Amino acid sequence: MTGPVSGASPRGPAIDFTDVTTTIDDTPVLFRLGLHLAPGTVTVLMGPSGSGKTTLVRHLAGLVAPGRGTVTVDGVDVHAAGEAQLRQLRRGMSVLFGGPSVFESSLFGSLSAYDNLAYALDGRGLSPERVERIAMHRLREMRLHDRADTLPAELPAHGRKRLAIARTLAVEAPVLVLDELETGLDAAHADTLVAAVREQHERTGATVLVTTHDIALARELADTVAILCHGRIVACGPPSELLHGVTDADDFDRRFRISDFLGPPDPEATRAELDGPRRRSRTIELDPRLLVPALVVLALVTSYCLFLLLTR
Ligand SMILES: Nc1ncnc2c1ncn2[C@@H]1O[C@H](COP(=O)(O)OP(=O)(O)OP(=O)(O)O)[C@@H](O)[C@H]1O
């Protein structure tokens with residue numbers, strides 16, 4: 001086993017999505033979404049296809065800015081951070097993007113499997129021996145050690161996925177984000193993956209966000225399961241409660257679609273949310289047309305009280 005890359009155990013930061021509303025091509029995707037990831041915990045985000053899981057991940061990675069609301073890491077707003085803060089945020093976050101293709105997994109197509117890992121570890125103050133030890137450990141863990149010199153495009157889709165996972169884990173960042181974790185993996189490889197994520201989390205105390213459709217995987221990994229439906233978090237809690245009695249993906253979809261009382265966000269309401277004044281800083285304003293009647297009522301009430309006092 002290798003030690004943490006930094007040489008010290010990073011404790012993951014708190015991550016908060018507050019009141020996030022976002023449209024893509026005028027279609028509401030996230031609507032007044034709130035989600036808290038407690039430091040050092042594993043949150044598994046689940047939800048029907050198209051509910052906004054990847055969009056939420058892209059907000060955290062800084063790739064999509066919320067139309068409204070904030071995404072913060074230990075209180076630092078990801079989308080309002082200065083350059084130095086942003087650099088620090090990026091160094092502290094390791095993200096696996098969904099999809100097994102070279103493009104989707106953001107692997108470097110011209111670099112071998114080994115060099116993809118070595119590149120990710122570059123600039124972290126590690127000796128070449130240490131880089132080699134970590135890279136080979138991760139390749140072995142994902143059963144790719146005999147493909148170290150292979151280009152990503154020469155690997156099968158599940159091999160590329162495992163390579164992308166190996167690269168994401170190698171960095172041992174305080175924030176670990178794994179989008180569409182199980183996509184393209186068979187059961188045996190999924191078990192290997194769960195073991196690797198658990199091992200890393202237990203050792204480093206990272207704050208972990210995983211998106212998946214796999215109920216067994218969610219039960220295995222999650223401290224907290226958050227359910228996203230139509231761009232809103234409709235339920236959040238421990239897997240023992242939220243996934244109790246859920247047998248398969250259809251069962252899951254049925255249960256949580258039912259709990260989504262509000263349905264898809266209304267485009268008009270979303271536009272108003274994006275255009276309107278900031279709700280968190282909203283002040284109560286008196287309509288000027290109500291000023292005169294309000295003063296008359298106040299004067300009447302005061303006179304009546306005075307009358308009662310004087311006539312006692
Ligand atoms: N670049 C884009 N252009 C247009 N629409 C987009 C784009 N990205 C996402 N969307 C839309 O946003 C909605 C949410 O998509 P997203 O990929 O975040 O959902 P998801 O929950 O991750 O889905 P899945 O489980 O299938 O990966 C979908 O309706 C999708 O069509």
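**Exercises on a predicted model**

With 18 C-beta neighbours inside 10 Å, Arg 32 counts as partly exposed, a class that lies between buried (20 or more other C-beta atoms within 10 Å of the residue's own) and exposed (12 or fewer), with C-beta atoms placed from the backbone. This is a predicted model, in which local features need pLDDT of at least 70 and side-chain atom pairs count only at pLDDT 80 or more, while totals for chains, interfaces and linings use all residues. Residues are numbered from 1 along each chain as its sequence is written.

**Exercise 1.** Describe the backbone setting of Arg 32 and of Asp 26.

*Solution.* Start with Arg 32, which lies in strand 2 and has a positive phi of about 45° although it is not a glycine. Strands here are DSSP runs of E with at least two residues, and helices are runs of H or I with at least four, both numbered from the N terminus. Asp 26 is exposed because 8 other C-beta atoms lie within 10 Å.

**Exercise 2.** Determine which helix gives the most residues to the shell around the ligand.

*Solution.* First list the surrounding residues, among them Ile 24, Asp 25, Val 29, Lys 53, Thr 54, Thr 55 and Glu 180, where near means a C-beta atom, placed from the backbone, within 6 Å. Then assign them to elements: helix 1 (residues 53-60) gives the most, with 3 residues.
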